[in-house]
Amino acid sequence: MWNPSPIPEVTWDTGLKEMNETWKGAIACLGVAVFFVMTIGIIYWQVVDQPNKNWILRGTFSGLIWERRTQSLVIQTLTEDKTYVEIDVGNVGNPDIEVPFVRNLCWLNKTEFCYTWDSVAEVKISLEVNEDTETECYSMTWAPVHCHVELKDCFSMTNVSWYGGASVRGQTWPINDQNATMQPFMVSDLKNNPSGFGSALERYFLGSSGVAVFVSPDIPLQLGVDSRQQFCLQSLPSMERLPLQYTVCVAHNVKAAHQEVVQQLSEHSRELPNMQALWLPFWKLLANVDSGPKVERELRTFSNRLRRHQLGEGVISLNEHSTTLLSDMDHDYLNSRRRGMSKRLTRDLPLVKLLNISITLSPFLGVDTTQFHTSLIDGTEAYWLSLPSAPLGQLVPVMSQWRGKFCVKLNITNPGAVSWFLDRVGSLQAHLGMEYVILEGGEGNLFEEQALRPPHALGGDKYISLLADLATRIGDSTIVTAGTRSSHKPLFVRMTPLQSDWSPMGLKAIIPSLLHHTLLGYNFLIPDAVGGSLSGDLVTDEELFIRWLEIAAFLPVITFHTPPWVCGEDQVLNLTRIYIARHQRDVVPLIEKYAEEWQMTGNPIYRPMWWLSPSDPMTFTIDDQFLIGDEVLVAPVVDKGAVQRDIYLPDGGFQWQDSQNGQVFDGGTFLQDYPVPLDEVAVFLRRS
């Protein structure tokens, strides 16, 4: 093969070579200098010259800003004169490394923003503008890049009063003064977990600045509240790389924000429960007996006492123990009683059926019962929450405790188990003739409490939602003790038991709890008994009983744990009769009127002060007054020994008239030390 001769080095010009070497050195030095200048420029741009605020998305009146120094997302008006919400997301990035967070990887789309933190998380934010309702919603989705990343966003409470979330022991309104350690955001049994979340829970938070936050319903979530600082949403670390998804809507005021979100969240039509229950006080039967006949005798005695004290028709509530004793009562005993009755009653139902009673059931069944042993023999152990003993092994029911006994819990995903439970209720209905059923024990997640992996169909708080479906099948007179994603169902929700005192754990918690429940859509409440029932003891403080009774008279249902005759004074008995009559005459018709509005619009029946004056900061923290609809303002006394109180009448271009003395006041008036005697409650009627 031909190989050309190499060019000998001697043929190159030595001077030209030296000149080239000089140029090479100069160019290299220039490159280093340029690189140095560029590096200095980039550092200067990132640290000094880069603006602290970067607009990410802009709507018609609001926009989303990235705050570099605080590593937070801020939604403000375009004029920057009002901040709706500040969201701290600094935990996603490394605070020691400056992250510009301004590169939009959604390219030229003006309604979406995408960004990726290397090896940590991806975020996608989309903006939707509703010009009809003048609201703008920012949908946020954080997705971890790898497993074990804990996504956490915190919402500032500075200059914003927040409402919603979950019931807690010692409920406050707003929630700013609450403290809750980071924990799964689901309803738990507050008897076993006093620092947990209970009663009414929704993934919805409302801020007084006109901001609403609602979180995706099906993703496991944790919540923590730092008193007066912030509340934080946090994902659970998982092999599935679970995202953190929520939507933030802003409107011109707090009422408009709430009304917009209610429309977005209302997937189902709202149904009313049995409104007849509003007319009847509920009386707890405190019977410590050991047989069905004794329960029946106690029922008869208690019913006669109600009649003798002229307390009108009511519902006598049996606890689960008394319900079990009655349901196990020998039918022959009832038949023998019927044979001994007069001819007029022989055609009637047993004595219990002649009374208006409510029974209490739970999805728990004792392991020492015949029914449980039978299920193990006949192969229906799948009726109880179970786990396989091996990957393909036999199902073994998961053991738990309920009311001090070892129990198993109904597998509510098993159609056969649900049918068995409904048949049991039907049998009790035929046996006892009751109309009202209290369904306890749905709270918590049996698997997660025992560090067991739950089936997918029962993750988080899905059991509570399924129990609400079961309660609806029982009938529209059913009372549940927990609600989540079920406010549209025709059910009553029982509020958390309170202490028998004047504290924020007792009397002072009633109105905050009322406003919390109704904001989340749970308008049909069974409040705790007059005087409180947490300890189970009878109330001996007469003043506390009277002040509690005055509040209860304006709630949907009045319930009693302590009978008024226990106080031994005619005043207490007389006031009980008066306020039961006032409830039936004045309050129930109002509730029925605004129940129709709730069905159509989702507006709460019981409303906070800011409902009529949503831009008035004075109304944001009032926790001892409430409205029924738009026309009645109730301001009870909640302090021991007080016979006067401060009252604020919200302004909306109308006046307020004292229902007791006829005095008329302008809206926006602050009444200091307004007289409210022991036997009265301050009630003002709106006058246009």
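A disulfide joins Cys154 to Cys232, with an S to S distance of 2.1 Å. In this predicted model, the link of Cys154 and Cys232 is right-handed, with 110 degrees about the S-S bond. Distant parts of the chain are linked by this pair, since Cys154 lies in strand β8 (residues 152-156) and Cys232 in strand β14 (residues 230-235), 78 residues apart. Cys154 has a relative accessibility of 5% and therefore counts as buried, the cut-off being under 20%. Cys232 also counts as buried, at 2% relative accessibility.

The count of disulfides comes to 3. Another of them joins Cys137 to Cys249, where the S to S distance is 2.0 Å. The link of Cys137 and Cys249 is right-handed, with 105 degrees about the S-S bond. This pair, too, connects distant parts of the chain: Cys137 belongs to strand β7 (residues 135-144) and Cys249 to strand β15 (residues 244-250), and 112 residues separate them. Both Cys137 and Cys249 are buried.

The remaining disulfide is formed by Cys106 and Cys114, with 1.8 Å from S to S. Cys106 has a relative accessible area of 13% and is buried. Cys114 is likewise buried, with a relative accessible area of 15%. When the bonded cysteines are counted along the chain, the disulfides follow the pattern 1-2, 3-6, 4-5. A further cysteine, Cys407, has a relative accessibility of 5% and so counts as buried.

Arg547 is placed in helix α12, which spans residues 542-552. The residue is buried because its relative accessible area is 0%, and buried means under 20%. The side chain of Arg547 reaches two backbone oxygens: that of Ala642 at 3.1 Å and that of Glu680 at 3.0 Å. With neighbours within four places in sequence left aside, Arg547 is in contact with Trp502, Leu507, Val637, Ala642, Val643, Val676, Pro677, Leu678 and Glu680.

For the chain as a whole, the secondary structure comes to 13 helices and 36 strands. The chain has 688 residues, of which 52% are buried. Among contacts with a separation of 6 or more, 66% are between residues 24 or more positions apart.

How values were computed: Residues numbered from 1 in each chain as written. Predicted model: local features only at pLDDT ≥ 70, side-chain atom pairs only at ≥ 80, totals over all residues. Heavy atoms only, no water. Helix = DSSP H or I, 4+ residues; strand = E, 2+ residues; numbered from the N terminus. Buried < 20%, exposed > 50% of the residue type's maximum accessible area, 1.4 Å probe, protein only. Polar contact = N/O pair within 3.5 Å; in protein donor to acceptor, adjacent residues only side chain to side chain. Contact = heavy atoms within 4.5 Å. Disulfide = S-S within 2.5 Å.
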